[in-house]
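Subject: Structure handover

Hello,

Please find the structure below, for you to take over.

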Amino acid sequence: MLRQSGTFRENQELVDRVMDSMDLERERGITIMAKNTSFRYRNVKINVVDTPGHADFGGEVERSLNLVDGALLLVDASEGPLPQTRFVLKKALQKKLPIIVVVNKIDRHDARIETVINEIYDLFIDLDADEEQIDFPILYTNAKTAVAHTAIGDGSENLQPLFDTILERIPGPEANDDFVPQLLVTNLGYDPYVGQIAVGRLSSGTLEMNKTYSMCGLRDIVHGLKFTACYTFQGLQKIKADRLVAGDIIAVAGVDGVQIGDTISSDADPRPLPRIRVDEPTVSMICLVNNSPFAGREGTYLTSLHIGDRLRREVLSNVSMKIRDIGRTDAWEVCGRGELQMAILVETMRREGYEFMVSKPRVITKVENGRTLEPVETVFLDIPEERIGVITENLSIRKGRMISMQNHGHGRVNMSFLIPSRGLIGFNSLFLTETKGAGIMNSLFEGYEEWFGPIPQRRNGAMVADRAGRVTPYASLGMTDRGELIVEVGTDVYAGMIVGERNRPDDLVINIAREKKLTNIRSSTAELTVVLRAPRLLSLDQSIEFIAEDELVEVTPKSVRLRKMELDAGKRATARSKLKMELLEKPARPREAANTVNG
Ligand SMILES: Nc1nc2c(ncn2[C@@H]2O[C@H](COP(=O)(O)OP(=O)(O)OP(=O)(O)O)[C@@H](O)[C@H]2O)c(=O)[nH]1
Ligand SMILES: [Mg+2]
């Protein structure tokens with residue numbers, strides 16, 4: 001769209017996936033943060049907000065809906081609508097936004113356009129769309145070659161049909177320059193020259209440099225505000241402007257302490273808009289200052305001051321995340337919408353030079369009328385037929401109830417389960433193993449239901465180093481039939497660090513730094529032929545999934561290590577037997593006010 005609308009000069013090189021500008025987005029191939037851009041078509045300025053598709057980032061999508069007057073619903077021509085399509089469409093329909101359906105990837109050989117369109121109609125009906133909304137236009141696109149069709153095979157060679165449909169179907173903003181200015185702050189950004197910037201849509205009125213305004217916060221209104229810079233968006237850049245007009249997506253700098261949801265308005269007659277509401281976080285984890293024996297070796301920022309500041313900064317720009325004070329100076333509870341969102345934050349901080357530790361994510365429960373409630377999700381699976389048994393068994397151990405099963409007769413089955421979110425924590429890697437990578441899983445938050453009862457944790461125990469040292473080939477070989485190592489030969493370990501997954505329940509404390517005793521007898525040829533199996537090195541996401549309640553992931557810019565919370569094996573043994581009883585039998589007592597219980 002940017003290229004064909006002439007936003008870029010002919011000779012200017014435009015990289016692919018230009019909106020996914022964060023390193024992590026490019027590496028993972030997903031959009032994480034909503035971003036906006038604009039282009040001109042037939043002399044109309046069109047602002048575009050690109051939103052993430054993954055369910056964990058629903059907060060971004062919800063918030064972005066405040067910026068726009070219509071939505072393009074992108075559906076894959078072979079996958080059809082996904083669970084998260086339902087989530088975002090529901091939110092868009094509630095806002096009464098006109099929808100344009102875009103069936104993309106029509107070039108795929110497994111495209112099944114007609115069926116997909118029927119599925120989209122079903123989805124609209126299911127979500128109680130009104131008649132006008134159901135009367136959506138459909139475009140067929142190949143985003144790779146940048147071609148849109150109003151009808152398949154209509155000979156179109158560019159995106160003009162899409163541009164025209166946008167102008168035709170999506171009304172311009174109903175905004176009046178003469179009214180009192182109202183800017184609902186929807187996003188926060190940071191500019192190295194001007195500092196914090198507030199981004200949003202100016203619903204009405206104008207904003208100008210050198211005039212004074214007010215900021216309507218959660219509790220009070222601050223008067224006498226002056227901007228240090230005003231911007232509009234053009235292509236991928238912010239352009240300085242002296243005057244901002246109603247209806248446009250804009251940014252202003254110089255508003256100290258501004259938060260998402262605040263309204264910037266007239267100084268004399270402040271009129272706050274309703275604050276942005278997003279669904280509550282469902283998952284939390286504890287983030288701690290690193291106190292491992294290796295602390296401080298690899299990170300730049302490690303103190304509780306650094307980490308606390310960084311976490312508070314995250315909450316300012318990420319509405320679906322919250323930080324709770326847990327009455328300690330070296331630990332915080334980070335609450336968010338899912339495991340992936342948590343892992344992304346940890347990875348981002350690590351790249352910025354932070355060093356810290358995190359606990360296993362757990363669900364946030366509520367207490368209502370004396371009953372403990374927990375978040376539940378529907379999980380949608382598409383798996384090979386022969387894996388039905390093992391997947392069903394694993395999900396029912398995790399308290400999943402099957403809702404539907406469809407066998408289409410070509411060796412694959414679609415199933416859905418209602419399951420407590422708790423049961424899905426750490427399920428992803430097991431699912432990938434059990435389906436040998438041939439399964440597709442999607443989940444969708446449904447709401448809160450009564451506590452489902454105990455769910456067993458990781459089946460196997462950990463292999464834990466009993467002393468500091470360096471992993472030797474000899475000791476590694478000796479562990480071959482005890483389980484699987486997760487550290488390479490030559491890795492430095494400390495006492496209490498996890499070096500492998502045992503093939504039986506309960507932890508095994510081992511000396512992984514053992515050297516072979518020198519003897520004057522030559523080793524037998526049989527011994528020489530034993531090959532050391534490569535360790536299973538865990539990614540950050542896998543490490544977070546792997547750890548149990550009494551374990552931590554130690555994260556530094558260079559390493560990811562797993563450890564027991566209690567490094568002393570003797571103390572662990574006593575604590576463990578006590579904790580196990582409490583955790584498995586019943587949900588622990590909710591902490592006062594915080595409404596959180598141990599999973
Ligand atoms: N064959 C084909 N591939 C496409 C088409 N459009 C996009 N793709 C590919 O699909 C993949 C995903 O594209 P993205 O643009 O990241 O998809 P997205 O919807 O933004 O994904 P999220 O932001 O993570 O929700 C990329 O590898 C694209 O090259 C198309 O029309 N045809
Ligand atoms: Mg994207």
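This is a predicted model: local features need pLDDT of at least 70, side-chain atom pairs count only at pLDDT 80 or more; totals for chains, interfaces and linings use all residues.

Residues are numbered from 1 along each chain as its sequence is written, while chains are lettered from A and ligands numbered from 1 in the order in which they are written.

Overall shape

The C-alpha trace of the chain spans about 90 × 60 × 60 Å along its principal axes. Its radius of gyration, taken over C-alpha atoms, is 27 Å, which agrees with the value near 25 Å that a compact globule of 599 residues would have; the globule rule is 2.2 Å times the number of residues to the power 0.38. There are 15 helices and 34 strands in the chain. These are DSSP runs numbered from the N terminus, with helices being H or I of at least four residues and strands E of at least two.

Of the 599 residues, 33% count as buried. Buried means that 20 or more other C-beta atoms lie within 10 Å of the residue's own; exposed means 12 or fewer, and partly exposed is in between, with C-beta atoms placed from the backbone.

Domains and cores

The chain is divided into domain 1 (23-169), domain 2 (182-266), domain 3 (366-450) and domain 4 (462-577). These bounds come from an automatic or database domain assignment. Between the C-alpha centres of domain 3 and domain 4 the distance is 32 Å.

A nonpolar core here is a set of buried Ala, Val, Leu, Ile, Met, Phe, Trp, Tyr and Cys residues joined through C-beta atoms within 7 Å. The largest has 53 residues, of which A198, I250, V252 and I264 touch the most other members. Strand β15 (residues 249-253) gives this core its largest share, five residues. Domain 1 (23-169) and domain 2 (182-266) each supply at least three of its residues. Beyond its neighbours within four places in sequence, V252 is in contact with I197, A198, L207, F227, C230 and I264. Another core, of 47 residues, lies apart from the largest one and has V283, A343, V363 and V471 among its members.

Ligand

Ligand 1 is surrounded by 15 residues, the closest being I30, T31, G53, K105 and A143. A residue is near the ligand if its C-beta atom, placed from the backbone, lies within 6 Å of it. The shell divides into four nonpolar, six polar and five charged residues. Ala, Val, Leu, Ile, Met, Phe, Trp, Tyr, Cys and Pro count as nonpolar, Asp, Glu, Lys and Arg as charged, and the others, Gly among them, as polar.

Single residues

D128 lies in the loop between α4 (113-126) and α5 (131-134). Its phi is near 60 degrees, a positive value in a residue other than glycine. D128 counts as exposed because it has 11 C-beta neighbours inside 10 Å.

E554 lies in strand β33 (residues 551-555) and, with 23 C-beta neighbours inside 10 Å, counts as buried. The C-alpha atoms of E554 and L288 are separated by 9.2 Å, although the two are 266 residues apart along the chain.

Regards

Methods. Two residues are in contact if their C-beta atoms, placed from the backbone, lie within 7 Å.
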